[in-house]
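Colleague: I'm new to this one, so please walk me through it slowly, beginning with a term I'll need later.

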Amino acid sequence: IPHIRSGQAQGPRAVRENPTFFYGGNPFDGPPDPTKPSAGFYSIDDEKEFLSGVTMADIGDIVITPGDIKKFINTTTSVARRVAEKKAVLVGVGGDHSITLPLVRGMEPWEQVDVVHFDAHYDIREDAAGQRYSHTSPISRIAELPFVGNITQFGMRNMGSRASLEQVKKLGTTVVTARQMHEIGAHNAVEQYVPKAKNIYVTIDTDFFDWTSAPGTALPEPGGFTLGQMRECMKILSKKGNIVGFDIACLNPLLDTAFYGGITIRLASYLIAFFLGYIFDERGEEL
């Protein structure tokens with residue numbers, strides 16, 4: 001699509017290289033030793049230690065054939081399914097929002113999964129230029145999966161296409177706009193609109209955040225949210241059900257700031273660390 005700013009393929013590498021992940025250890029030692037248990041980190045805001053001793057692994061990038069959408073979906077689904085079969089929490093980094101369909105599709109071993117979507121846009125078109133599989137359509141394709149239950153969407157704002165609005169009505173997703181979230185509080189919106197569920201998958205588009213917090217995104221929108229607001233939402237989500245996985249989509253490091261590795265890259269790093277921290281803190285597990 002002509003107006004979409006490209007560069008999201010560089011997102012995973014940018015997050016890996018961000019120094020946020022050196023916290024808990026000695027940053028001068030470089031990345032932590034993957035053969036040793038996680039050192040975890042101390043959250044100044046929460047006044048608490050997180051992820052100490054939790055077993056984690058970076059399984060690397062999924063190699064895909066450019067332009068072969070079917071192979072991309074099937075390969076990514078296969079990798080995600082292998083993670084789900086081990087009952088591990090999947091964390092995906094995009095890439096544009098087309099990554100979410102195969103990642104959720106791979107959650108089938110969990111048998112029943114609700115989906116929570118944070119985004120400035122609906123991403124629910126039936127198709128774009130005749131293509132049913134793209135960053136504009138993941139929610140529509142996810143809604144077709146037989147094991148997916150409720151879909152709750154947060155943060156939509158500014159201008160929405162009529163086609164998207166019609167598709168929302170057709171599929172029956174629960175939509176909570178940015179205006180509604182700002183009026184009642186982002187965490188209150190999550191508490192009110194996300195139902196209790198056996199399993200939950202969460203997808204986060206970087207444009208959910210205000211573009212002052214996340215300039216390195218494909219389609220930035222004013223009027224969004226902060227890391228602090230999202231962290232409160234994550235805490236509540238961790239209590240709503242078993243978080244089986246989450247992804248961060250549309251991180252574009254080529255458009256980010258140069259400050260300390262990039263503001264948006266650093267934001268994504270924090271999102272991963274804190275959400276995993278809240279998930280395992282709620283479970284009370286040290287693996």
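Modeller: A crossing of two helices is called left-handed if the near helix is turned anticlockwise from the far one by less than a right angle, and right-handed if clockwise. Please keep in mind that this is a predicted model, in which local features need pLDDT of at least 70 and side-chain atom pairs count only at pLDDT 80 or more, while totals for chains, interfaces and linings use all residues. Residues are numbered from 1 along each chain as its sequence is written, and side-chain values use heavy atoms, leaving out hydrogens and water.

Colleague: Okay, sheet please: what is the order of its strands?

Modeller: The 6 strands form an open sheet in the order 3-8-7-4-5-6, with parallel pairing. Strands (E, at least two residues) and helices (H or I, at least four) are DSSP runs numbered from the N terminus, and two strands pair if DSSP finds at least two bridges between them.

Colleague: And which are the edge strands?

Modeller: Strand 3 (90–93) and strand 6 (174–177) sit at the edges, each of them pairing on one side only. From one strand to the next, the twist averages 15°.

Colleague: Which strand does strand 3 pair with?

Modeller: Strand 3 pairs with strand 8 (residues 242–249) in the parallel sense, over 4 bridges, and there Val93 stands opposite Ile248 of strand 8.

Colleague: Switching to helices: which strands does helix 8 lie across?

Modeller: Helix 8 (residues 227–240) lies across strand 4 (113–118), strand 7 (199–205) and strand 8, and runs at about 165° to strand 7. Axes are lines fitted to C-alpha atoms, for helices over the stretch in contact, with angles from 0 to 180 degrees between N-to-C directions.

Colleague: At what angle do helix 8 and helix 9 pack?

Modeller: Helix 8 packs with helix 9 (residues 263–283) at an angle of about 30°, their axes being 9 Å apart, and helix 8 passes helix 9 in a right-handed crossing. Among the residues in contact (heavy atoms within 4.5 Å) are Leu227, Met230, Arg231 and Met234 of helix 8, together with Leu267, Tyr270, Leu271 and Phe274 of helix 9.

Colleague: How about helix 7 and helix 8, at what angle do their axes cross?

Modeller: The axes of helix 7 (residues 186–193) and helix 8 cross at roughly 20° and come within 8 Å, and this crossing is right-handed. Helix 7 contributes Ala186, His187, Val190 and Glu191 to the contact, and helix 8 contributes Gln229, Glu232, Cys233, Ile236, Leu237 and Lys240.

Colleague: Back to Arg231, what does it form a salt bridge with?

Modeller: Arg231 forms a salt bridge with Asp46, and the closest N and O atoms of the pair are 2.9 Å apart. Arg231 is in helix 8, whereas Asp46 is in the loop between strand 1 (41–43) and strand 2 (48–50), so that the pair links distant parts of the chain, 185 residues apart. The term means a side-chain nitrogen of Lys or Arg within 4 Å of a carboxyl oxygen of Asp or Glu, and the structure holds 12 salt bridges.

Colleague: Last topic, the backbone: where is the cis peptide bond?

Modeller: The cis peptide bond joins Gly94 and Gly95, with omega at about 15°, and Gly95 has its place in the loop between strand 3 and helix 3 (100–105).

Colleague: And what is the phi of Lys87?

Modeller: Although Lys87 is not a glycine, its phi is positive, at about 60°, and Lys87 lies in the loop between helix 2 (69–85) and strand 3. Most residues other than glycine have a negative phi, and most peptide bonds are trans.
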